[in-house]
Amino acid sequence: MTMEEVANEGNLIRAFGEVAQNRGAPGPDGQSIDEVREHLGELLPVVRRTLLEGTYRPGMIRRVWIPKTSGGERGLGIPDVVDRWVQQAVLQVLSPHWEPTFHPSSHGFRPGRSCHTAIAEAKTYLADGYEWVVDLDLEKFFDRVHHQRLVARLETKVKDRRLIALIQRMLKAKVVMPEGVVVNTDEGVPQGGPLSPILSNIVLDELDRELARRGHRFVRYADDANIYVRSARAGHRVMASVVRFIEQQLRLKVNQTKSAVARPEERHFVGFSLRRNPEDGTVEVFLSKRSKDRIDAKIRELTPRAWGQSLSDCIAALNAYLHGWLNFFGTSCTEAAVRTLHNLDAHIRRRLRAVLLRQWKRRRFIVRRLIRMGARVHTAWRVVYEGRKALWALSHCGPVDTTLNKAYFTKRGLLSLEREYRVLQLVIAPAQMDLPLE
């Protein structure tokens, strides 16, 4: 791994293609990908020369805050487009050498691996009787990576001092905060650049190797690690020992409030929870509570009762989101999730009924619409006016349920999560689901 490989013209052209394909916002210098592309012919020789001479200097990183699904905010670092280009070029040189050496139980930010392969491996441990999990959460991992330890790990394979110096400068790049304050970077790997995923895996591969040396059965996805054991007692013993290693050897911090020894069905791992059926020993995979809460919130957001456009527009927006959501969660969920999907379908239909009732406005108009759609005259008048029900209560009463039923919304094009899940299960699982696990 040399700077000549990084600065190779073919490598740089391929790297810019990857950065352009990923799009992304401008960094602190304000230059967009399209603007850099316009001047690529002029920039390419300059970047090559400065890399080879060791005079390339990364710019600052723009910090943005995005909400986390578990609450709070996560900091992302957005480098300039040219810096992302150079990071990608470095990644393309490092990856072929480091990637084959990573432990097979590491699934985050790796080619051919994903959340689904992580769940597939976790299922094998539960099936073997390891029904307790040591769930480890590393506190602000990307902000706490120890630079000297990371560089020491890199130096075991990278012998070109120019390349090591370039990565060090990238790690030390100053950060521009949203309010304009510029801060120095003494530790951490900024999330947002192409290089940060492989650097984080290089750091945590040391943890993987230690867990493997101790004979633990574990699955890691980025900074979330689950170790599977046979009993709660063993789990607490493993927790104490591994926390000492992480904090003393790796100089990282374990979030004690988010880490726990528990049954896998009580924990959230890459969006899922797992449970071993005591009757037949099969392993069930279903939505974690956090994932369920998140889809509930998204459905509320997409079906506001004050929706001012047509029902078709509302259904189109719902379908676009639900299709992508099911492609992710439906791939790994087992039959245990069908009841949840059924309930979500029913809840979505009720939300849409409430939208329609509000658009129909006055109660006499609601009654007339229901009668035209087949509701009994006497029942419709009585139910709609009885007790002066709120629209949400009306959205789940007899005449409304029978007229605005499942068939009505299916005809309007509404996607059914339960039905689409059944179809998805007929599709052959992707090859990555069958990765050999050591």
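Guide: Tyr385 lies in helix H16 (residues 377–385), where helices (H or I, at least four residues) and strands (E, at least two) are DSSP runs numbered from the N terminus. This is a predicted model, in which local features need pLDDT of at least 70 and side-chain atom pairs count only at pLDDT 80 or more, while totals for chains, interfaces and linings use all residues. Residues are numbered from 1 along each chain as its sequence is written, and side-chain values use heavy atoms, with hydrogens and water left out.

Visitor: Why does Tyr385 count as partly exposed?

Guide: Buried means under 20% relative accessible area and exposed means over 50%, with partly exposed in between (1.4 Å probe, protein chains only). Tyr385 has 33% relative accessibility, so it counts as partly exposed.

Visitor: What makes strand E10 largely enclosed by the rest of the structure?

Guide: Of the 5 residues of strand E10 (residues 283–287), 5 are buried, and therefore the strand is largely enclosed.

Visitor: In which sense do strands E9 and E10 pair, and over how many bridges?

Guide: Two strands pair if DSSP finds at least two bridges between them; strand E9 (residues 272–276) and E10 have 5 bridges, in the antiparallel sense. Leu274, for instance, has Val285 in E10 as its bridge partner. E9 and E10 form a hairpin with 6 residues between them, and Gly281 in the turn has a positive phi of about 80°.

Visitor: Why is the pair of Phe16 and Trp85 called edge-to-face?

Guide: Rings of Phe, Tyr and Trp (its six-membered ring) pair if their centres lie within 6.5 Å, and planes under 30 degrees apart count as stacked, over 60 as edge-to-face and the rest as tilted. The centres of Phe16 and Trp85 are 5.6 Å apart and their planes make 75°, which gives an edge-to-face pair. Phe16 lies in helix H2 (residues 9–22) and Trp85 in helix H5 (residues 81–98), so the pair ties together parts that are 69 residues apart in sequence. Both Phe16 and Trp85 are buried.

Visitor: What makes the pair of Tyr125 and Tyr228 tilted?

Guide: With 5.8 Å centre to centre and 40° between the planes, the pair of Tyr125 and Tyr228 is tilted. Both of these residues, Tyr125 and Tyr228, are buried.

Visitor: How do you know that the charged end of Arg350 sits over the ring of Trp392?

Guide: A charge sits over a ring if NZ of Lys or CZ of Arg is within 6 Å of the ring centre and within 35 degrees of the ring normal. The charged end of Arg350 sits over the ring of Trp392, 4.0 Å from its centre.
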